[in-house]
Amino acid sequence: NSASFTKWSGMAGMAGSVLVLLGLVGTSIFSDKEYPYTYNGLDIMSSLFFVTGVALTLLFAAGFALTYARRIGGLGQAGLLVTLIGLLSMGFGGIGHLAEAIRGTEIGGWWEFFIFGLMGTLAGAAIFCLAGSKQKVLPPVGSKLVMVGGFGVVAMMLLSIGIIPDTNYEAIKTGLLMASMVSLAIFEAGLFLIGYALWTKHVGATRQIEPATMG
């Protein structure tokens, strides 16, 4: 039923936030730096973590929509729609990267889906948390972390597009990457807290209602 699905979607959100973060950190920081890339077990494992995390986050978003979509207003619903589309695009890109890592040869075409999906997911989630905060229906700490982290990653990505192609300064590249990873960790921590709130809300909502007595 919908209550059970919503409860377990909160758990999916907690697990998905951890797996997405582990997958992105693994592929962005600990994977091979040379080009063309040589894929190994770490690449496959990181990509598998990421794809699984995105799938779980999609379940979380569906449960979140069942609970909050009617209470976060038009702006929040638009942000939620952008998030869902972003997750689908990001998942498609992640599957492409996983297939490339398993084959060990470049496939191509997945990067655009991944990068635009990531930006859409981050921006959309930050928008619906902003709307939810105004309506006071979301956990305040979790929603603030999502907003700070989501807008932070998008800002770092836009800066990297404007700076990195015009310079070879490794310090700038490394700084932007680390700032993006920190912002991403903040974002995923916010999603984890919202997922936890969704889980505990429906766990604690089950009560034994006694029949009314007359007299």
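Among contacts in this protein between residues at least 6 apart in sequence, 79% join residues at least 24 apart. That figure, like everything below, comes from a predicted model. The chain has 215 residues, and 44% of them count as buried. As for secondary structure, there are 6 helices and 0 strands, so a walk along the sequence simply reads α-α-α-α-α-α.

The largest nonpolar core holds 36 residues, and four phenylalanines, F50, F64, F114 and F128, touch the most other members. Each of the helices α1 (2-30), α2 (41-68), α3 (73-103), α4 (110-135), α5 (140-163) and α6 (170-203) puts at least two residues into this core. The largest share, 9 residues, is supplied by α4.

F114 gives a residue-level look at this packing. Once its neighbours within four places in sequence are set aside, F114 is in contact with L24, F50, S89, M90 and G93.

Two helix pairs can be looked at in turn. A packed pair is described by the angle between the two axes and by the distance between them. For α2 and α3, the axes come within 9 Å and cross at roughly 160°. Because angles over 145 degrees count as roughly antiparallel, α2 is roughly antiparallel to α3. The crossing of α2 past α3 is left-handed. On the α2 side, the contact is built from D43, I44, S47, L48, F50, V51, V54, T57, L58, A61, F64 and A65, while α3 brings L80, L84, L87, L88, M90, G91, G94, I95, H97, L98, A101 and I102. Sorted by class, this contact between α2 and α3 comes to 18 nonpolar, 5 polar and 1 charged residues.

As α3 passes α4, the crossing is left-handed. The residues of this contact split into 14 nonpolar, 12 polar and 1 charged.

Methods. Residues numbered from 1 in each chain as written. Predicted model: local features only at pLDDT ≥ 70, side-chain atom pairs only at ≥ 80, totals over all residues. Heavy atoms only, no water. Core = buried A, V, L, I, M, F, W, Y, C linked by side-chain atoms within 4.5 Å. Buried < 20%, exposed > 50% of the residue type's maximum accessible area, 1.4 Å probe, protein only. Helix = DSSP H or I, 4+ residues; strand = E, 2+ residues; numbered from the N terminus. Contact = heavy atoms within 4.5 Å. Axes fitted to C-alpha atoms, helices over the stretch in contact; angles between N-to-C directions. Parallel < 35°, antiparallel > 145°, perpendicular 65-115°, else oblique. Left-handed = near helix turned anticlockwise from the far one by under 90°. Nonpolar A, V, L, I, M, F, W, Y, C, P; charged D, E, K, R; others polar.
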